[in-house]
There are 2 protein chains.
Amino acid sequence: MTDRMTGAEDSGQREPGDARDVLTGQLTQIARQALEASRPLATASAEAKNAALRDAADALEASTAELLAMNARDIEAGVARGLSPAMLDRLRLTPERVAGMVSGIRKVAGLPDPVGVILREWTLPNGLLVRKRAVPIGVIGIIYESRPNVTADAAALCFKSGNATVLRGGSEAFHSNAAIARVFGTALGRHGFAGAVTLVPTTDRAAVPILCSLDGLIDVLIPRGGRGLIETVVRHARVPVIKHYDGICHVFVHRAADFGMAERIVLNAKCQRPGVCNAMETLLVDGAIAPAFVPRITAALHASGVEIRADDAARLIEPALAGAPRPDWGAEYLAPILNLRVVENLDAAVAHITKHGSRHSDSIVTGDHAAAEKFLGAVDSAAVYWNASTRFTDGGEFGFGAEIGISTGKLHARGPMGLEELTTWKYQILGSGQVRG
Amino acid sequence: MTDRMTGAEDSGQREPGDARDVLTGQLTQIARQALEASRPLATASAEAKNAALRDAADALEASTAELLAMNARDIEAGVARGLSPAMLDRLRLTPERVAGMVSGIRKVAGLPDPVGVILREWTLPNGLLVRKRAVPIGVIGIIYESRPNVTADAAALCFKSGNATVLRGGSEAFHSNAAIARVFGTALGRHGFAGAVTLVPTTDRAAVPILCSLDGLIDVLIPRGGRGLIETVVRHARVPVIKHYDGICHVFVHRAADFGMAERIVLNAKCQRPGVCNAMETLLVDGAIAPAFVPRITAALHASGVEIRADDAARLIEPALAGAPRPDWGAEYLAPILNLRVVENLDAAVAHITKHGSRHSDSIVTGDHAAAEKFLGAVDSAAVYWNASTRFTDGGEFGFGAEIGISTGKLHARGPMGLEELTTWKYQILGSGQVRG
């Protein structure tokens with residue numbers, strides 16, 4: 001993927017240092033405007049924010065033709081650049097996808113406002129009333145790739161939670177993103193929230209490290225995309241980052257598992273939608289039941305079109321696996337490919353997940369309560385399951401109404417990240433003249 | 001302050017690149033051991049952790065003479081290096097300070113265990129039970145200066161909350177810190193928690209950027225010290241950082257304030273302990289009452305030995321301020337020095353705090369409910385007060401039992417940071433074979 005300055009006026013052939021200074025100035029100015037916009041937004045009423053969001057949804061709906069036209073330019077450029085069919089599909093807007101984006105915004109408008117909620121309230125012995133109250137974080141930077149719908153989804157969630165947003169989308173979706181952000185931002189401006197949503201008007205790759213350095217203006221960065229993008233952000237960031245790394249998810253079929261349940265969970269975790277982060281990449285089978293379970297699950301997975309990459313123990317048990325390729329325990333296949341490993345026992349399964357997992361979602365299938373509790377305690381992942389598919393790690397499934405992503409970090413947000421995780425808190429302390437003795 | 005390799009065996013005159021590789025290997029090894037130690041600790045019972053902490057307290061108490069002897073070496077070196085009396089005082093251990101450290105650990109042992117607490121629990125329409133449960137963060141790196149008691153305080157809080165700790169203290173306290181960490185760690189080792197607390201055995205300044213780069217091993221860094229140290233950590237960190245910047249705290253005396261209450265709060269916020277981060281640095285007085293209040297508060301502050309640095313408007317009102325030095329709105333004096341500014345109104349006070357404050361603690365004194373609510377909403381600080389002194393921003397005062405610091409960041413922890421903020425969560429999802437449709 002090559003990145004080009006396509007949107008900025010200063011895209012000429014300057015020398016690099018000079019161009020970078022200009023870009024830094026431009027991005028600093030955008031972040032400063034976002035910070036200014038964040039202040040009235042932080043204390044705006046739920047009604048005012050929801051009205052603005054509904055107007056933005058209406059405006060995007062009315063602009064469907066324009067969005068499709070701008071998207072066609074990106075698709076054309078993508079074809080010329082030789083993007084893969086999968087990438088072109090992610091990039092493409094259709095009337096249905098625009099409608100989905102619009103209804104998503106309306107849904108966010110209908111969710112409860114997370115801002116102002118009193119998280120805890122207590123009175124100190126000296127009579128001071130302490131209120132821990134949810135407040136917006138401030139300015140959120142979203143750095144993402146490919147899918148233009150992220151522009152509207154992320155902006156709506158950040159706005160609903162009272163935050164201003166600086167968006168930096170992928171170069172391949174630049175015209176689509178710019179059109180969405182312009183329509184969205186203009187609608188917010190009509191409600192007094194000008195500057196609350198801004199797309200960085202350049203595809204210059206240098207914009208990412210510059211955004212990462214704007215501490216004091218941007219409060220948090222949320223990178224959404226491949227490992228390379230996220231590592232770039234982490235490497236350059238002086239601003240806090242909430243990481244959304246890949247999902248290397250496991251299902252462990254314990255010796256006390258019900259085979260029918262295990263088969264349903266394994267097939268669902270692998271096949272229901274293989275290209276997402278909460279799909280299973282590695283199946284671990286307890287050695288005690290492997291001779292019975294491995295042939296059964298191999299047949300079922302093969303029947304579902306899954307390619308199995310098996311370890312030696314599994315090959316010995318099931319002749320159909322003899323020619324299978326070697327597993328790559330650290331791979332996120334995002335495809336109907338599955339690693340299969342026979343492990344000695346529960347401890348070995350936990351050790352495998354600790355070593356190779358990405359702290360996303362992992363499941364144990366067992367009828368043994370003590371084994372399940374041990375797994376749920378020892379596996380250090382955002383979501384740990386007992387007798388269920390890993391595919392439920394999702395803000396919508398969890399009942400959050402929406403999600404901005406699934407954090408694989410442990411600080412501030414872990415797992416599905418909804419509106420609550422887009423807030424922080426302040427302590428409001430109400431006194432009657434108290435001083436400290 | 002010069003840093004020297006005093007504790008490491010590889011402190012000789014190697015070439016820098018080589019020495020750095022050795023140090024990187026050594027620190028990586030320490031962090032890896034901490035990660036290993038963090039796993040059993042994460043699921044240890046409250047009883048086991050508390051017994052280990054009480055043993056550590058007993059062991060430190062029994063080692064008082066040794067700690068004082070090691071501290072005497074640091075003091076001697078500090079005198080030779082020309083440390084200021086204030087720094088030597090912070091560095092010095094006395095039998096009373098060791099006793100205070102010991103009783104602090106016993107107090108932490110007596111606090112409720114934050115780990116395992118069910119923060120929220122709900123059932124999805126498909127029957128899945130979702131439990132959001134508090135778990136330790138993992139490995140916490142504490143980078144601090146001067147006071148040797150931080151070694152025991154931080155280690156106790158991190159251990160109680162189920163985290164392994166890598167400590168990196170100031171070079172001037174190296175022998176004291178090493179002795180405390182050795183006694184503490186040995187006691188934990190007797191309870192099966194070897195490696196849970198480790199002091200970096202070198203004062204090489206290069207250790208800080210190396211620790212900052214150990215993502216995947218260290219989960220979070222908490223720097224405690226001056227702005228220079230914290231900025232160094234932020235600049236180098238690939239690991240998330242919870243920042244504890246300085247406190248530039250304000251009291252705003254609104255036109256509807258009770259003058260007696262305002263005077264008590266101002267004197268307390270400035271004078272009760274000027275050298276701490278929640279002490280006031282700037283007093284803002286509403287222009288509408290300035291002619292009456294400025295002379296009164298000037299007299300009271302001068303009587304308390306406070307040097308006032310006043311703006312022009314205050315000088316015009318109070319002749320005693322005519323020769324006062326100019327205020328520095330961005331200074332954290334940590335001394336009996338106070339900036340004084342007359343502002344036009346509430347909005348101007350908020351604007352001043354927004355521009356010059358450090359998002360720590362700010363207070364309004366007023367009898368006007370609407371003005372107070374506006375201030376509490378608009379001032380974007382960790383703690384905002386109405387009719388109370390800023391000095392209450394403290395984990396102990398808030399009833400947290402203890403604190404590891406006061407976060408001026410907004411992510412994960414904001415304001416006083418107690419045991420709860422040393423945990424994260426995981427979702428444990430209990431099913432009966434659910435798969436996603």
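Tutor: Two residues are in contact if their C-beta atoms, placed from the backbone, lie within 7 Å. This is a predicted model, in which local features need pLDDT of at least 70, side-chain atom pairs count only at pLDDT 80 or more, and totals for chains, interfaces and linings use all residues. Residues are numbered from 1 along each chain as its sequence is written, while chains are lettered from A and ligands numbered from 1 in the order in which they are written.

Student: OK, how many residues of chain A are in contact with chain B?

Tutor: 54 residues of chain A are in contact with 54 residues of chain B.

Student: Which element gives the largest share of that side of chain A?

Tutor: β15(A), with 11 residues. Elements of chain A that each supply at least two residues are α9 (227-236), α10 (259-271), α14 (369-378), β12 (383-388) and β15 (423-434). Helices (H or I, at least four residues) and strands (E, at least two) are DSSP runs, numbered from the N terminus.

Student: And by class, what is on the side of chain A that touches chain B?

Tutor: There are 26 nonpolar, 18 polar and 10 charged residues. Ala, Val, Leu, Ile, Met, Phe, Trp, Tyr, Cys and Pro count as nonpolar, Asp, Glu, Lys and Arg as charged, and the others, Gly among them, as polar.

Student: Why do the copies meet through the same surface?

Tutor: 100% of the interface residues of chain A are also interface residues in chain B, so the copies meet through the same surface.

Student: What rotation superposes chain A on chain B?

Tutor: A rotation of 180 degrees, with 0.0 Å of shift along its axis and an RMSD of 0.0 Å. That is the relation of a two-fold axis. The superposition is by least squares on the C-alpha atoms of residues with pLDDT of at least 70 in both copies.

Student: Which residue of chain A comes closest to the rotation axis?

Tutor: A:His412, whose C-alpha is at 1.8 Å.

Student: Back to β15(A). What strand of chain B does it join?

Tutor: β12 (residues 383-388) of chain B, in a parallel pairing of 5 bridges. Two strands pair if DSSP finds at least two bridges between them. One of the partner pairs is A:Gln434 with B:Ala388.

Student: New topic: the largest nonpolar core. Which residues touch the most other members?

Tutor: A:Leu211, A:Leu221, B:Leu211 and B:Leu221, in a core of 218 residues. A nonpolar core is a set of buried Ala, Val, Leu, Ile, Met, Phe, Trp, Tyr and Cys residues joined through C-beta atoms within 7 Å. A residue is buried if 20 or more other C-beta atoms lie within 10 Å of its own, exposed if 12 or fewer, and partly exposed in between, with C-beta atoms placed from the backbone. A second, separate core has 54 residues, among them A:Ala269 and A:Ala388.

Student: What is B:Leu211 in contact with?

Tutor: Leaving aside neighbours within four places in sequence, the contacts of B:Leu211 include B:Gly141, B:Val166, B:Arg168 and B:Leu221. B:Val166 belongs to one side of β4(B), together with B:Ala164 and B:Arg168, while B:Thr165 and B:Leu167 are on the other, and all are buried.

Student: What does β4(B) pair with?

Tutor: Strand β3 (residues 139-144) of chain B runs parallel to β4(B) over 5 bridges, with B:Gly141 opposite B:Val166. Strand β5 (residues 197-199) of chain B is also parallel to β4(B), over 3 bridges, and there B:Leu167 stands opposite B:Leu199.

Student: Which helices go with these strands in β-α-β units?

Tutor: Helix α6 (residues 149-160) of chain B goes with β3(B) and β4(B) in a right-handed unit. Helix α7 (residues 174-190) of chain B goes with β4(B) and β5(B), again in a right-handed unit. Right-handed means that, with the strands pointing away from the viewer, the path from the first strand over the helix to the second runs clockwise.

Student: Now A:Lys243: buried or exposed?

Tutor: A:Lys243 counts as buried, because it has 21 C-beta neighbours inside 10 Å. A:Lys243 is in the loop between α9 and β7 (249-253) of chain A. Not counting residues up to four places away in sequence, A:Lys243 touches A:Ile230, A:Val234, A:Ser407, A:Thr408 and A:Gly409.

Student: And what is phi of A:Leu334?

Tutor: Near 50 degrees, a positive value in a residue other than glycine. A:Leu334 lies in the loop between α12 (312-317) and β10 (337-343) of chain A. For B:Leu334, phi is near 55 degrees.
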